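Biologist: I would like to learn how to read a few features from a model. Can we start with burial, then move on to strands and backbone angles?

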Amino acid sequence: MYPFFYRPMFEVIEDGWHSFLPEQEFELYSSATSEWRLSYVNKEFAVCPSYPPIVIVPKAIDDEALRKVATFRHGGRFPVLSYYHKKNGMVIMRSGQPLTGTNGRRCKEDEKLINATLRAGKRGYIIDTRPLNVAQQARAKGGGFEQEAHYPQWRRIHKSIERYHILQESLIKLVEACNDQTHNMDRWLSRLEASNWLTHIKEILTTACLAAQCLDREGASILIHGTEGTDSTLQVTSLAQIILEPRSRTIRGFEALIEREWLQAGHPFQQRCAQSAYCNSKQKWESPVFLLFLDSVWQILRQFPCSFEFNENLLIMLFEHAYASQFGTFLGNNESERCKLKLQQKTMSLWSWVNRPSELSKFTNPLFEANNLVIWPSVAPQSLQLWEGIFLRWNRSSKYLDEAYEEMVNIIEYNKELQAKVNILRRQLAELETEDGMQESP
Amino acid sequence: MEHIRTPKVENVRLVDRISSKKAALGTLYLTATHVIFVENAPDTRKETWILHSQISTIEKQATTATGCPLLIRCKNFQLLQLIIPQERDCHDVYISLIRLARPVKYEELYCFSFNPKLDREEREQGWMLIDLSEEYQRMGLPNNYWQLSDVNRDYRVCDSYPTELYVPRTATAHIIVGSSKFRSRRRFPVLSYYHKDNHVSICRSSQPLSGFSARCLEDEQMLQAIRKASPGSDFIYVVDTRPKLNAMANRAAGKGYENEDNYSNIKFQFIGIENIHVMRNSLQKMLEVCELKSPSMSDFLWGLENSGWLRHIKAIMDAGIFIAKAVSEEGASVLVHCSDGWDRTAQVCSVASLLLDPHYRTLKGFMVLIEKDWISFGHKFNHRYGNLDGDPKEISPVIDQFIECVWQLMEQFPCAFEFNERFLIHIQHHIYSCQFGNFLCNSQKERQELKIQERTYSLWAHLWKNRGDYLNPLFRDDPSQTQGTLHLPTTPCNFMYKFWSGMYNRFEKGLQPRQSVTDYLMAVKEETQQLEEELEALEERLEKIQKVQLNRTQVKSKQSEPSRHSGFSTSDNSTANTPQDYSGNMKSFPSRSPSQGDEDSALILTQDNLKSSDPDLSANSDQESGVEDLSCRSPSGGECVPSEDSGKDRDSDEAVFLTA
């Protein structure tokens with residue numbers, strides 16, 4: 001494959017393979033809390049093949065318990081820390097579905113693990129990304145959901161985020177509608193509607209807002225899972241962080257988020273992003289889960305155009321590289337596979353390329369002003385739009401929009417230039433005046 | 001006022017449209033001109049002012065345990081839901097408003113009592129700001145081919161036309177009068193826009209009274225005169241903006257369209273824009289969609305499509321594009337008409353002009369355009385926008401559609417317009433508000449008889465005075481977008497047309513983007529200007545001091561002005577860095593808790609910075625919570641609905657995501 005014989009034509013300033021190490025990420029939390037620890041229980045990928053070697057878990061839970069919990073969760077994906085909300089010490093955890101089966105199996109260690117995140121007398125929320133009936137059906141196949149009886153301190157909320165081929169069909173329909181220029185206005189709207197793409201966006205964003213709200217407003221910890229915990233779960237946990245955490249709206253923080261919540265969390269990029277919208281044969285595992293996430297971020301960015309350090313171009317770039325790239329970053333389905341492929345040695349990391357000043361400037365939002373607040377997007381249909389930058393990219397000229405962007409950059413650059421000049425002059429003047437004063441004083 | 005049955009009702013609740021749980025308690029006042037709701041909350045005492053003329057419908061709903069709900073729909077798309085405790089009060093308010101919202105004489109309208117504290121001279125100057133004779137001069141008229149005709153002096157030929165009309169030099173009074181007799185309501189072909197680059201014109205008229213076979217020599221001569229007035233082309237287009245079927249149906253009533261066999265060298269073209277009744281229903285349907293409580297994406301898109309609104313917008317745009325292309329690319333003059341030539345014709349002529357001439361994309365040029373194509377040519381503002389009580393079937397959002405077309409173009413050409421979205425919204429607001437005299441009556445003649453200019457004020461002067469609020473920061477004087485014709489994609493593209501939530505949901509602030517790029521850039525530009533001035537001042541002083549030092553003269557130099565300089569970087573930055581629209585939202589941002597109040601406050605703008613020069617609009621600008629009512633329609637089973645809320649003490653606006 002291309003990434004294996006791609007030789008970069010640029011100088012690597014910082015090796016992206018080491019830009020976002022879990023240990024470093026954990027340090028950001030460890031200053032605020034001592035209730036969590038790094039666990040190396042999955043060092044050999046034996047406990048959970050889709051998890052990274054290092055995960056963050058409650059300090060009170062030892063590795064032995066984790067091994068037991070892993071047997072009770074789908075794919076061995078025991079609950080791990082996804083996000084720590086510094087403001088109130090509450091957390092988002094994610095996992096696979098509990099393997100309760102039809103006979104209501106329970107796992108004391110599992111209960112203990114997630115209860116360890118609750119304050120005395122406080123409740124938590126479990127957000128299951130599947131509708132109740134789907135979760136119930138999952139029991140027949142050995143899966144299931146947390147029973148009230150065994151998790152009395154948790155309230156369960158079911159949402160319905162679609163998965164797999166339903167999303168893929170939605171994408172195919174949308175792209176077809178966008179490429180068909182013959183139909184009239186009404187046909188366009190009904191085809192947009194029939195694709196259901198924006199419905200999926202709305203559902204995902206709503207669930208993420210719900211999670212963020214439980215955390216920030218209710219002051220409750222949250223566990224999020226669907227079935228495997230590798231798709232809709234990650235959409236929700238990562239979007240909730242975009243809403244809650246100002247850092248994830250910076251370029252660096254967003255990259256870290258992708259690294260943590262998508263790559264290391266084991267989103268199977270290889271399976272999901274093999275063909276994109278133009279695949280003839282039905283690929284069983286193909287699904288635009290990551291694209292939906294990027295689109296959702298774009299929707300929030302559109303509503304808060306000054307709160308993100310990056311611009312739309314970064315999202316488009318990530319979309320492209322997730323599907324086809326000269327870099328090794330999105331290869332494989334999880335850390336274990338990437339390890340076996342020796343990607344770190346054999347390929348270049350996308351971040352090595354992106355994080356060079358010359359590239360970064362293309363992805364920097366000129367309107368950015370650090371905003372330390374939680375940003376609550378609107379999820380009303382009137383507030384959600386088709387992401388033209390992706391879907392209409394090849395269907396119409398963006399000349400005038402590009403010009404507008406240029407003009408925006410010019411306005412801001414000129415302002416900064418003047419500000420710098422004024423500051424220099426002020427300083428000069430102040431110096432001269434004190435000199436003057438000194439001459440005068442004797 | 002004799003129509004006000006009860007001037008004041010207490011303990012009224014104003015229901016928040018987005019999260020229905022919230023309702024503000026306050027007092028409702030009825031005045032001669034406004035409905036005013038003042039909230040009880042002592043810290044805000046927020047006021048909502050609604051002009052009577054903005055009220056579109058009032059609906060009294062079934063009384064519930066909490067009171068009697070009254071739904072007020074406004075023409076500027078505001079929706080007010082009040083709950084009045086007593087049935088009797090509600091009935092009184094209802095009856096009063098029904099009467100107040102439908103004045104029967106012009107003198108009852110707000111503009112006759114509105115007094116912006118300007119003296120007579122200022123008022124007169126205001127009316128002179130937009131001058132159509134100046135505009136025709138700008139177009140290069142009169143010239144060898146076109147002249148000002150006085151045939152309509154004292155409105156003798158056509159009472160819905162202005163007196164100042166440009167016609168081809170070769171069209172004699174005999175031809176004009178003859179032609180006028182062959183045109184519906186005597187609206188004979190006259191010049192609307194002259195494209196001096198290639199001497200091509202856009203003319204307008206009403207439909208010919210051709211029936212099945214009638215013809216009129218003078219009318220045929222009139223069209224020939226128009227063709228001859230643009231020597232570069234051997235034909236003219238005649239564009240009938242109606243659907244062919246409608247035009248044909250008109251023939252039975254002795255009206256109809258031009259027969260190509262009778263007129264030499266015309267190319268006849270139908271462009272199917274629907275009539276005012278279809279448009280009225282379409283808007284109605286779209287507004288129903290906008291009003292839906294937490295609609296699903298499918299509800300919304302399906303409803304939007306079903307309303308047909310964007311299809312109609314596209315039809316109008318297509319017509320405008322067709323004419324602009326005929327003029328600029330084919331160099332052919334165009335005669336546009338519909339039935340009476342005052343609705344669709346006005347829409348299409350003004351869209352085409354806007355595409356062709358960058359002047360109309362400036363602030364002043366846009367006012368001129370509306371003054372010319374709409375006001376002067378007798379668009380029936382009074383009938384269409386229901387200023388006085390009249391036939392509801394005459395009401396139709398004709399100019400609203402034109403305004404939306406402009407917005408759709410602004411979305412495609414962000415640097416091409418000198419004005420911003422707010423400008424369009426405020427114009428729309430004032431077309432209905434009757435606060436200024438510009439849009440009163442149905443024709444120039446009526447306005448003259450009513451002595452509008454002596455008795456009311458001009459909106460254009462008001463907008464011009466506050467033009468700082470209406471500028472598009474991205475507008476560029478030089479580049480391709482602002483010069484010459486705006487070139488739209490050759491294959492008319494459907495994706496171009498989007499739902500304008502900034503207009504139709506504009507009072508639902510929670511649905512709008514929380515930060516406005518326009519306001520941000522405007523603030524940056526303002527700061528840039530201050531910096532430029534400061535830079536100059538600093539350079540001057542620096543030079544002075546250096547001179548002084550060179551001369552070694554002992555001049556006591558003043559300390560730098562601390563008040564201005566020290567605060568500059570912080571205070572001005574906070575203005576520049578926090579877009580205006582956002583500030584309102586910040587105030588009630590759910591993330592604000594007492595503990596973090598300090599860090600937030602830096603981001604909050606004071607009320608003074610709210611960008612709204614318009615008293616009515618700023619009074620309405622709402623400060624919504626940043627939290628959306630997601631009232632998740634998820635099929636979550638009953639067992640997982642969060643219960644046991646009672647133990648908690650929570651704010652009313654909390655946990656709206658949880659209303660599963």
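Modeller: Start with the cut-off. A residue is buried when its relative accessible area is under 20%, and exposed when that area is over 50%. Keep in mind that this is a predicted model.

Biologist: How many residues of strand S6 of chain A are buried?

Modeller: Five of five, so by that cut-off of under 20% the strand, residues 154–158, is mostly covered.

Biologist: Which way do the side chains of S6(A) point?

Modeller: The general idea first. Side chains in a regular strand alternate between the two faces of the sheet. Now the case here. A:Trp154, A:Arg156 and A:His158 point one way from S6(A). A:Arg155 and A:Ile157 point the other way. Both groups are buried.

Biologist: In what sense do S5(A) and S6(A) pair?

Modeller: Parallel, over five bridges. S5 of chain A covers residues 124–128. Within this pairing, A:Ile126 stands opposite A:Arg156.

Biologist: How many helices and strands does chain A have?

Modeller: Chain A has 19 helices and seven strands. Its radius of gyration is 24 Å, close to the 22 Å from the globule rule for 442 residues, so chain A is as compact as a globular protein of that length. Of those 442 residues, 63% count as buried. Take contacts between residues at least 6 apart in sequence: 76% of them join residues at least 24 apart.

Biologist: Now the backbone. What is phi of A:Phe45?

Modeller: Most residues other than glycine have a negative phi, and most peptide bonds are trans. Phi of A:Phe45 is positive, near 60°. This residue sits in the loop between strands S1 (36–39) and S2 (55–58) of chain A. A:Phe45 counts as buried because its relative accessibility is 15%. Chain B has a positive phi too: B:Arg185, near 50°. B:Arg185 lies in the loop between helix H4 (173–181) and strand S10 (190–195) of chain B.

Biologist: Which residues does a cis peptide bond join?

Modeller: B:Leu141 and B:Pro142, with omega about -5°. B:Pro142 is in the loop between helix H3 (132–138) and S8 of chain B.

Biologist: One last residue. What is B:Glu164 in contact with, beyond its neighbours within four places in sequence?

Modeller: B:Ser133, B:Tyr136 and B:Leu148. B:Glu164 belongs to the loop between strands S8 (146–149) and S9 (165–168) of chain B. Its relative accessibility is 31%, so B:Glu164 counts as partly exposed.

How values were computed. Residues numbered from 1 in each chain as written. Chains lettered and ligands numbered in written order. Predicted model: local features only at pLDDT ≥ 70, side-chain atom pairs only at ≥ 80, totals over all residues. Heavy atoms only, no water. Buried < 20%, exposed > 50% of the residue type's maximum accessible area, 1.4 Å probe, protein only. Helix = DSSP H or I, 4+ residues; strand = E, 2+ residues; numbered from the N terminus. Pairing = 2+ DSSP bridges. Rg over C-alpha atoms; globule rule 2.2 N^0.38 Å. Contact = heavy atoms within 4.5 Å.
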